[in-house]
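Here is a short report for a reader meeting this structure for the first time. Take a look at the model, then read on.

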Amino acid sequence: MARTIDLSRTVHDLVADNPEVATIMRDLGFADIAKPMALETVGRVMTIPRGAQIKGIDLASVVEAFEAAGFEVTGKPGAAPATPAPTGEKDAAAGAADGAGAADGAADRDAPSAATDEAGRARLLSSYVSRLSAGEDLESVRREFVANFSDVDAAEIARAEQGLIEGGAKVEDVQRLCDVHSALFHGATREERVANAEAAVMESIAGGSGKDDFKTRVLAALKGHPVNVLTLENKAIVRQVAATQQALDAGDDAAAAREVALLAQVGGHYAKKGDLLYPVLKVRHGYSGPADVMWGVDDEIRDELRALSATEPDARGSWHDRAVAVVRRADEMCYKEANILLPLCVRCFAEQEWLQCYVDLRGYEPCMVDPAEVGRWGEGEKFAATLDARATLDGGDIVLPTGTLSAAQLDAVLNTIPMELTFVDEKNINRYWNDDGSVKLFKRPASALGREVWSCHPPKVEYMVRNVIDMLRSGQRDSVDVWMQKKGEPVLVRYMAVRDREGAYLGTLECVQPMGFARDHFAEG
């Protein structure tokens with residue numbers, strides 16, 4: 001009886017029926033098939049034709065190999081891909097294909113990619129950005145991304161994004177590409193994508209990004225470590241996303257509105273990433289592209305959730321449609337954080353940076369998790385104790401034109417002023433802020449000291465900060481007032497130029513003052 005192999009079945013099922021399939025495929029160049037975890041995860045959603053397309057292996061040669069081994073091959077696609085160009089010609093072909101793809105929307109998007117190295121894939125990403133910017137449907141780009149990047153690790157995507165932005169691409173255009181990252185490890189469903197991400201970790205534990213991903217898992221299980229805290233919160237957000245999606249799927253917009261209001265708490269988690277992760281990746285490790293892109297997406301999700309929380313669902317369904325869209329983005333951001341952002345931070349951050357991150361996290365409330373779940377990291381506690389010891393002020397006096405204060409007295413005076421004070425010097429470097437030990441309206445992680453003030457703000461507001469400081473520096477203004485609502489209370493943020501007695505600019509003082517007391521006083525009168 002003739003043996004048959006049905007190419008429409010998954011690789012996992014074919015190998016389960018006949019282990020010889022694995023041997024033939026390995027000899028053809030499908031090296032991952034020899035890895036049990038890859039076969040158990042990726043193999044369950046991958047077919048041979050799809051794998052051949054991704055690997056750049058001629059499907060006709062695959063069919064011939066199985067027929068030579070005595071198999072009858074069925075389930076073949078209507079047309080086999082053309083024989084790949086020789087290796088030496090692939091880069092040139094990739095460049096030509098990329099240019100044509102960006103210019104001609106009618107190009108065959110399903111053809112196997114010639115981008116077999118990182119440079120070629122970076123060109124492909126550039127073409128995707130161009131097509132998205134030109135208005136092409138996101139789903140068509142997503143399908144091609146899946147086909148060409150299923151075996152690419154997250155760090156390479158981050159490097160490519162960085163290169164795009166350094167090459168002049170707009171952050172907001174690259175940010176649109178970020179919306180296809182949930183397809184990084186391919187798969188039609190979230191469960192398949194997660195399974196394939198797990199496979200990518202296990203496949204390469206012996207080296208490269210696999211070590212980073214494995215270490216991410218280890219740190220995620222280390223109670224109290226920043227990766228552990230962020231992972232706990234991310235999982236809680238995933239649960240809330242699921243609850244919100246369930247209400248939306250049921251068509252109960254009243255219930256969905258309540259769930260959206262709970263999901264809007266995600267802003268506290270995003271604030272941690274924006275204060276403690278993105279600036280460090282951007283300033284100290286050169287990943288400004290990925291940091292700015294994800295930071296921007298976080299801001300968009302947070303702002304939309306807040307807007308929806310403040311709006312009643314409408315009969316026309318626009319609220320429902322917006323809620324569905326933002327919940328999907330929040331879900332995808334959870335996936336990107338777990339599989340892209342945190343492994344990238346683990347790869348880049350030194351132990352000292354994690355220790356400082358741990359100390360800074362003490363100034364933030366847990367997001368969607370019980371504070372009892374957030375444990376203490378032993379090494380972090382030791383580091384915090386050394387900082388507290390260093391903070392002990394000596395007895396030296398500071399002589400000023402109008403009097404003399406000890407360092408301890410000056411520290412106490414500044415901390416007694418009922419404002420949050422921050423000083424940025426003439427070179428735009430964060431130099432000082434007061435701290436009375438209370439929870440701040442605006443978080444100021446110690447890791448931001450010594451950094452340019454721009455790095456502490458998300459990309460969408462950086463230009464406003466620059467503009468304010470430029471006006472103060474030039475003398476166009478001596479102060480700039482910004483009023484806002486924060487935690488239900490009116491807040492005045494005043495930026496003031498600091499000048500010496502001769503009028504020379506020394507820096508900018510930011511004063512944050514809650515004004516609820518004034519509102520209440522005049523309301524009583």
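## Contacts along the chain

Among contacts in the protein with a separation of 6 or more, 63% join residues 24 or more positions apart. Keep in mind that this is a predicted model.

## Overall make-up

The protein has 22 helices and 9 strands. It comprises 525 residues, and 46% of them count as buried.

What about the surface? The protein exposes about 25,400 Å². Carbon and sulfur atoms supply 54% of that area.

## An open sheet

Strands of a sheet pair through backbone hydrogen bonds, in either a parallel or an antiparallel way. Here, 5 strands build an open sheet. Their order is S6-S5-S9-S8-S7, and the pairing is antiparallel. Which strands sit at the edges? They are strand S6, residues 430–433, and strand S7, residues 479–486. Each of these edge strands pairs on one side only. On average, neighbouring strands of the sheet are turned by 20° against each other, with direction ignored.

## Strands S5 and S9

Strand S5 covers residues 420–425, and strand S9 covers residues 505–514. How many bridges link S5 and S9? The two strands pair in the antiparallel sense over 6 bridges.

Helix H22 spans residues 516–524. This helix lies across strand S8, residues 489–499, and across S9. H22 runs at about 125° to S8.

Note on methods:
Residues numbered from 1 in each chain as written. Predicted model: local features only at pLDDT ≥ 70, side-chain atom pairs only at ≥ 80, totals over all residues. Heavy atoms only, no water. Pairing = 2+ DSSP bridges. Helix = DSSP H or I, 4+ residues; strand = E, 2+ residues; numbered from the N terminus. Axes fitted to C-alpha atoms, helices over the stretch in contact; angles between N-to-C directions. Contact = heavy atoms within 4.5 Å. Buried < 20%, exposed > 50% of the residue type's maximum accessible area, 1.4 Å probe, protein only. Areas by Shrake-Rupley, 256 points an atom, 1.4 Å probe, with all protein chains shown as cover.
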